[in-house]
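Please read them with the structure open.

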Amino acid sequence: VQEMSGAVVAACNSLIREIVPVGAVVREITAAGNPVMEHLLLKVSPEPLSKVPYRPAFLGAARLKARDLGLEAGADTDLYAFPLIGGFVGGDAVAVALSLRLKDEKKPALAIDIGTNSEIMLYSKGALFAASAAAGPAFEGGEIKGGMTAANGAIRGVRVHGEDVSLDCIGGTSPKGICGSGLVSAVSELLKAGIIERSGRIRSRDEVSTNLSNRIRTEADGNSFVLYRGAKTEVALTQSDIRALQTAKSAIRAGINLLFKKAGIGAGDLGTVYTAGAFGSNLDPEGLQEIGILDRGWLKNIKTAGDAALEGAVLALDDKGKKEAETLAGEFKFVSLSGSANFEREFIANLGF
């Protein structure tokens with residue numbers, strides 16, 4: 001715990017040195033993170049989160065001197081760590097709800113922070129619900145053959161025009177791999193082009209009548225589709241890549257459906273849909289609909305919320321923001337998906353695109 005906490009503090013100190021002018025006095029720091037990261041920041045063992053029933057060691061907000069944690073700040077600099085909701089839904093989710101003003105919505109509102117651990121929040125009829133879907137690393141390029149982080153050379157967008165495939169790469173360079181947004185975009189386009197079936201299977205070359213068939217290869221564990229072939233680099237989507245995305249998106253959609261059931265509403269009752277987070281905000285809403293995370297009828301109501309957790313952390317620099325955050329955290333009804341038979345049924349039902 002000490003070693004990992006030291007790594008968290010070192011990363012924070014690096015950010016502080018980067019943004020705080022020399023000689024400036026920092027009055028206060030707020031921190032909003034997932035439960036494990038907040039435990040480590042506060043030097044509290046996250047071990048209880050490693051086994052059923054996955055409960056954090058604490059839920060309430062923490063107030064202490066930043067220097068006591070090893071943060072590079074003045075002797076009088078205060079630190080405020082956001083309260084947690086439960087399970088793997090942490091202070092970052094509270095910060096998102098705070099910045100989006102979910103309780104001000106007139107119709108049911110949904111907020112999703114998509115990533116390895118995807119937080120889902122729903123406001124309906126005066127009640128707040130939250131769940132955490134273990135989507136796995138596919139959305140962040142993990143478990144993907146050509147997967148990489150969203151750095152220069154990562155394919156972040158794909159378009160299929162007839163028999164041509166165009167790629168949008170970060171930095172405008174030649175492709176080195178594919179990041180999460182590129183994976184969603186590619187699968188969405190290949191579904192519309194008939195290369196991938198709604199079951200998730202990549203069709204064989206003889207099942208595709210266009211010249212796109214020339215990009216299909218037969219592999220030992222299923223077919224693959226070549227997005228880019230260069231002198232030294234090739235980026236292809238494999239059948240196992242598609243399955244990893246299906247697993248990830250199905251976990252999120254199953255979580256959404258369970259929150260609907262808890263709230264007693266249907267998909268058609270939904271008003272605003274927020275996609276939040278550094279990753280979620282960069283996803284094409286139409287792509288999210290095509291792969292089945294979002295409904296087609298929600299398109300006009302989708303809003304990208306940017307780094308809403310950061311905005312919530314800024315609001316908590318004010319005492320009013322802190323009180324609102326703590327009130328919100330206490331009002332959320334945490335819905336555990338782990339070991340739920342209902343979740344398993346929804347997960348299986350939503351595996352197809």
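**Notes on the model**

1. Glu 119 is the residue I would look at to begin with. Beyond its neighbours within four places in sequence, Glu 119 is in contact with Phe 88, Val 89, Asp 92, Ala 93, Ala 111, Ile 112, Asp 113 and Ala 131. The residue sits in strand E5, residues 117–124. Glu 119 is buried but has no salt bridge, and the nearest side chain of opposite charge, that of Arg 253, is 17 Å away. Its side chain does make a polar contact, at 3.5 Å, with the side chain of Asn 117.

2. On confidence: this is a predicted model. The protein chain has an average pLDDT of 94, and 100% of the residues score at least 70. Within the chain, helix H6 (residues 277–280) has the lowest confidence, with a mean of 75, while strand E3 (residues 78–81) has the highest, at 98.

3. Twelve of the 13 residues of H4 are buried, among them Gly 180, Leu 183, Val 187 and Glu 189. Just after the helix, Gly 194 adopts a positive phi of about 80°.

4. Glu 189 also forms a salt bridge with Arg 159, at 3.9 Å from N to O. Glu 189 belongs to helix H4 and Arg 159 to strand E7 (residues 154–161), so this pair ties together parts that are 30 residues apart in sequence.

5. The whole structure contains 23 salt bridges. One of them joins the side chains of Glu 28 and Lys 322, at 2.7 Å from N to O. This pair links distant parts of the chain, 294 residues apart, with Glu 28 in strand E1 (residues 28–31) and Lys 322 in helix H9 (residues 319–331). Both Glu 28 and Lys 322 are buried.

Notes: Residues numbered from 1 in each chain as written. Heavy atoms only, no water. Buried < 20%, exposed > 50% of the residue type's maximum accessible area, 1.4 Å probe, protein only. Helix = DSSP H or I, 4+ residues; strand = E, 2+ residues; numbered from the N terminus. Lys, Arg positive; Asp, Glu negative; His and termini not counted. Salt bridge = Lys/Arg side-chain N within 4 Å of Asp/Glu carboxyl O. Polar contact = N/O pair within 3.5 Å; in protein donor to acceptor, adjacent residues only side chain to side chain. Contact = heavy atoms within 4.5 Å. pLDDT = per-residue confidence, 0-100.
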